[in-house]
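Have the viewer open while you read.

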Number of protein chains: 2
Amino acid sequence: MALRTALMIAPLGADETTDDLAATFTTVDPAAPALTVGELSTQRGDGIFESIGVVDGHPQEVEAHLERLAHSAQLCDLPAPNLEQWRGAVLTVAAECGPGESVIKLILSRGVEHGPSPTAWATAASAADFSRVRTDGIRVVTLDRGYSIDAPASAPWLLLGAKTLSYAVNMAALREAHRRGADDAVFTSSDGYVLEAPTATLILRRGDTFVTPAPNGGILHGTTQLSLFEHLADRGFTTVYETIPVADLRTADAAWLVSSVRLAAPITELDGAALTVDAEFTASLNDYLLSPRD
Amino acid sequence: MALRTALMIAPLGADETTDDLAATFTTVDPAAPALTVGELSTQRGDGIFESIGVVDGHPQEVEAHLERLAHSAQLCDLPAPNLEQWRGAVLTVAAECGPGESVIKLILSRGVEHGPSPTAWATAASAADFSRVRTDGIRVVTLDRGYSIDAPASAPWLLLGAKTLSYAVNMAALREAHRRGADDAVFTSSDGYVLEAPTATLILRRGDTFVTPAPNGGILHGTTQLSLFEHLADRGFTTVYETIPVADLRTADAAWLVSSVRLAAPITELDGAALTVDAEFTASLNDYLLSPRD
């Protein structure tokens, strides 16, 4: 969907305060040029981002997204974001969102090459209509991410726990999945463990236990997965983080890819093998995810 | 260095011809906004690039760069670039370069999200002064790239042979090298082979033989390395592509990182071990690289 709102942000220092937060924001026409060609986000994919779901004007799980933005900044040696300022930016663009589902993106770029400071902006757009995907589900193929499960711990410069703008591989994996007749992919480690989807987190069900890959493999800690695990625990289910061998995918009772905007998409087929979808249960998850969450 | 010239390019189809190539170019102020925030180059690092050295207004090895641009486009499922148009763009910005050394960047982005076509542009800037680095040399550390040597062949979605805009890891590796008191890095595969530097190609000398890692490890085929190998062959040396174990780095008689703009930087220290620099020979390589090359 085309962007509806765009807000350029003059980044404050992490501890800087201001009486006039709005003065650090400049509304720009999302269809008009706003960035220079020297931007390192564009030349080097050098920056970080967050995508926040918005339901009827309410931005979901803002604090979890801001915490992850700060974590990504640390991993990438970017100046610590001023979270009060980013919170203000989220609320400002959320106010333009209106009814229905929207998506807010926060982007913090290293700035212009040799420039003095990062470039930052927030956008809002209507979300695509994912209602059918949430009920009909998705076909998924596994794709090798090339890294062993322990690579991220010993090689932090691979930035595997950071949500960087360098998403060309994630986008290529989605194209490869489509080429194979699937809707999405799940990355696996080179030594045979389950990681994450290019833009979502995997959750498996085994009886009354819900399992997601432990973030020690350098995968992103999914904000939607975190929220859903809290919800499942409240409903009396057990939730666990595990190092999951690829073979375990075939023995799961059910599986979902969860993300901030598409929410819970049940997996109907994994590498060609059918998976059962509990339509009623999946609907209950998406009902929760569509309710206002902080 | 600040950008001096920027040219937005309205991309032609690969086989499209026009009587007025200049009409497909728009000169823009490099310090003024030219890109929208919806650009996939900036949101996803989703695009490809080339950096071309320019000496006294002469762009070096243009055809090799254009060929690699086309190769990267293919690996990334981008529309094949119209090479005549890109050649025209290079000549147009090169004409603004004047005496001394400059750098031209070509960028082909997937375009605006859900937009109809790629976004493309070319820039020129004065090059940094690398004359001291070319004589005094650089200290280099090896850093694990996380992939095994055979990952790229079995997982093309890792885009390892493409020069994409998703360079956050390359930039992080350079920061890690600086943190370790070095000037640059050489990536190694997880199974112990030598790959490439974040923005350069490694060449080793063993007696009268010059060796560079075989591009089968998914590394970029360096345009400067290619040109230098031709030159070395003309001078009677042997040039070979090899799968090089990391241990071989220590037994090399000399080593260089070569790239389009910094040219041949002799390695003085590799993971803390001193390497001999033949100043005169290195100067002869840079003399060649600074001569007009097509």
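Between domain 1 and domain 2 of chain A there are 11 residue pairs in polar contact, both residues at pLDDT 80 or more; a polar contact here is a pair of N or O atoms within 3.5 Å, where within protein one must be able to donate a hydrogen and the other to accept it, and residues adjacent in sequence count only if both atoms are side-chain atoms. On the domain 1 side, the elements giving two or more residues are helix H1 (40-44), strand S3 (47-55), helix H2 (62-75) and strand S5 (101-109) of chain A, and S3(A) gives the most, with seven residues. Helices (H or I, at least four residues) and strands (E, at least two) are DSSP runs, numbered from the N terminus.

This is a predicted model, where local features need pLDDT of at least 70 and side-chain atom pairs count only at pLDDT 80 or more, while totals for chains, interfaces and linings use all residues. Residues are numbered from 1 along each chain as its sequence is written, chains are lettered from A and ligands numbered from 1 in the order in which they are written, and side-chain values use heavy atoms, with hydrogens and water left out.

**Domains of chain A**

- Contact (heavy atoms within 4.5 Å) takes in 23 residues from domain 1 of chain A and 20 residues from domain 2 of chain A.

**Area and charge at the domain contact**

- The two domains of chain A bury about 1,600 Å² between them, with carbon and sulfur atoms giving 61%; that is the accessible area (1.4 Å probe) lost on being put together, summed over both parts.
- A:Phe49, A:Arg68 and A:Glu101 supply 33% of what domain 1 of chain A buries against domain 2 of chain A, more than any other three residues.
- There's one salt bridge between the two domains of chain A, meaning a side-chain nitrogen of Lys or Arg within 4 Å of a carboxyl oxygen of Asp or Glu.
- A:Glu101 and A:Arg134 meet through their side chains in a salt bridge, at 2.6 Å from N to O.

**Strand S9 of chain B**

- S9(B) (residues 201-206) has five of its six residues buried, so the rest of the structure largely encloses it; buried means under 20% relative accessible area (1.4 Å probe, protein chains only).
- Strands pair if DSSP finds at least two bridges between them, and S9(B) runs antiparallel to S12(B) (residues 254-259), joined by five bridges.
- B:Arg205 stands opposite B:Ala254 in S12(B).
- S9(B) also runs antiparallel to S10(B) (residues 209-213), with three bridges, and B:Arg206 stands opposite B:Thr209 there.
- Two residues lie between the strands in the hairpin of S9(B) and S10(B), where B:Gly207 takes a positive phi near 60 degrees.

Terms used:
Buried < 20%, exposed > 50% of the residue type's maximum accessible area, 1.4 Å probe, protein only.
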